[in-house]
Amino acid sequence: MAQRYFTEDHEWLEVDGDIATVGITEHACEQLGDLAFVELPEVGTSASKDDDVAVVESIKAASDIYMPVDGEVTEVNAPMGDDPTVLSDAPEGAGWIWRMKISDPSQLDGLMDADAYQALIS
Amino acid sequence: MSDQDLRKTALNDWHRARDAKLVGFAGYELPVTYPLGLRGEHKACRKAAALFDVSHMGQVSVTGPDAVAYLERILPLNCADLALGTQAYSFLLNAEGGVMDDLMCARLEDTRFELVVNGACKVADMAHMRAQAEDFDVSLEVRERALIALQGPRAAEALATTELKVATELKFMQVCEPLPGYAVSRSGYTGEDGFEIALPNEAVAAFCDQLCAHEFVEPAGLGARDSLRLEAGLCLYGQDLDTGITPLDASLGWAVPKDRSGYIGAEKLIQQRASSPDYALVGLLPEGRAPWRAGVKIFDADGNEVGHVTSGTFSPTLEHPIALARVKKSAAKADSFIGELRGKQVPCQRTKLPFVKKSYAK
């Protein structure tokens, strides 16, 4: 059954087996304001937790998006590359940024659940 | 700098009441955006009218028998010939011709001028101006009052419903003082028609309420101010202008009279006019959608590094990235360049400024 985790960098992951779907939270999206551009990671990229692999640009500034756990990017939300509203319309749903294969599931233990993340942003 | 150290303008409560997102800028707490958002505020300015709190900027009056001689010492501007009721764009320069600040200088009386300088520079500017004033019979007075900018094709329509209606007769770059303590110029930093209005701190909140009562007037913050001015090809001090360059290096020679000398920094400017400036400011249209931010390195077609981006954003009007770059004068005529963006090489086209056509009042 899919389980959702959150990071201190305001990213979420929904984990199903060893595949995670990753995006940024509503809160992060609100903070960024109007989006201009999303630079998606390359499919096949292997990276470690906290490596920056994507960029979300608002009109004003760029925000790095990090690997929440070690793994390999298996799929990206391609339409978002041309149309950032795919992200901003539903950042925690259809606005997912990439999917990845998790190489070390034990790293999930260090992440927050929904309640802990709510407490963080309150 | 903690929030407690930030100064507040007279509109601070007004911004909070409208749910502005406040940030520290030039030592003041100012709105970066309101709930409408950067894109909506930007578009409101281009389509109708936007209202900005720019009270952080410095307002200085220069009065006295030597006002013209003094200003002609510290500015390259021809102040003697500046007509009553007009203002001009100019610069404070250091001895090497480097830009200390850019500013507007308005002549309200034969021997009274009003200057508006950048908020982040106003303390240093005043120190410089006071030191230079010692040799002249002038007095300098900081005007402690609010400053707002009403910008857009319907700005005049909104202003005409207020007690400052007479200011709607101003032409571009004209100035008037319609009421005691008030000054209005037909100018701005957006490329649109509009007004910059100086008024008493006690009056500004009510005046802004009056303007925003029109459904077509939107409060707008620093975020939209930056994307608007960039589309208009206007320089921002601290990014496109700094003490390391002269106005000619920023392709602003139109604001430096050819027939003047004797001002601080004149030697360098005269020498550059005789030979060549070191740099030029160019407009870039990057390929793709990724914005190019300040610091992106610029290369020519042969791979030589020729400059860097000084300002860049994603243009809401063009739906495309735009950037200003400082490049070596010798390389500045190329039709295209390459930018280095996060390790990748991305091409761009050079384009004439402004990116978006200006619509000043005739």
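Reader: Which exposed residues does the face of H8(B) turned away from its buried side carry?

Author: That face carries B:Glu267 and B:Ala274. A residue is called exposed over 50% relative accessible area, buried under 20%, and partly exposed in between (1.4 Å probe, protein chains only). Before we go on: this is a predicted model, where local features need pLDDT of at least 70 and side-chain atom pairs count only at pLDDT 80 or more, while totals for chains, interfaces and linings use all residues; side-chain values use heavy atoms, with hydrogens and water left out. Residues are numbered from 1 along each chain as its sequence is written, and chains are lettered from A, ligands numbered from 1, in the order in which they are written.

Reader: What makes the buried residues of H8(B) a "side"?

Author: Helix H8 of chain B covers residues 266-274, and its buried residues are B:Ala266, B:Leu269 and B:Gln272. They sit on the same side because they cover an arc of only 130° around the axis, the arc being that of the directions from the helix axis to the C-beta atoms. These buried residues pack against strand E6 (86-93) of chain B, contact meaning heavy atoms within 4.5 Å.

Reader: How do you know what counts as a helix or a strand?

Author: Both are DSSP runs, numbered from the N terminus: helices are H or I with at least four residues, strands are E with at least two. Chain B ends up with eight helices and 20 strands.

Reader: Why is H7(B) called largely enclosed?

Author: Ten of the ten residues of helix H7 (residues 222-231) of chain B are buried, so the rest of the structure largely encloses it. Among them are B:Leu222, B:Arg225 and B:Glu231. After H7(B) comes B:Gly233, with a positive phi near 70°.

Reader: What does H7(B) lie across?

Author: H7(B) lies across E2 and E3 of chain B, at about 65° to E3(B). For such angles, axes are lines fitted to C-alpha atoms, for helices over the stretch in contact, and the values run from 0 to 180 degrees between N-to-C directions.

Reader: What makes E1 (7-8) and E2 (21-25) of chain B edge strands?

Author: They belong to an open sheet of three strands in the order E1-E3-E2 (chain B), with mixed pairing. E1 and E2 are the edges, as each pairs on one side only. Two strands pair if DSSP finds at least two bridges between them. E2(B) and strand E3 (residues 28-33) run antiparallel and have five bridges, so they meet that rule. B:Gly24 stands opposite B:Glu29 in E3(B).

Reader: How do you know that E11(B) and E12(B) pair?

Author: Two bridges join E11(B) to strand E12 (residues 183-185) in the antiparallel sense. In E12(B), B:Ser185 is the bridge partner of B:Val175.

Reader: Why is A:Ala47 called buried?

Author: A:Ala47, in strand E5 (residues 46-47) of chain A, has 12% relative accessibility, so it counts as buried. Leaving aside neighbours within four places in sequence, its contacts include A:Val53 and A:Met67. A:Glu72 is 25 residues away in sequence, with 6.4 Å from C-alpha to C-alpha.

Reader: How do you know whether chain B agrees with a compact globule?

Author: With 362 residues, such a globule would have a radius of gyration near 21 Å, and chain B has 20 Å, so the two agree. The radius is taken over C-alpha atoms, and the globule rule is 2.2 Å times the number of residues to the power 0.38. Along its principal axes, the C-alpha trace spans about 60 × 50 × 45 Å. Buried residues make up 59% of chain B.
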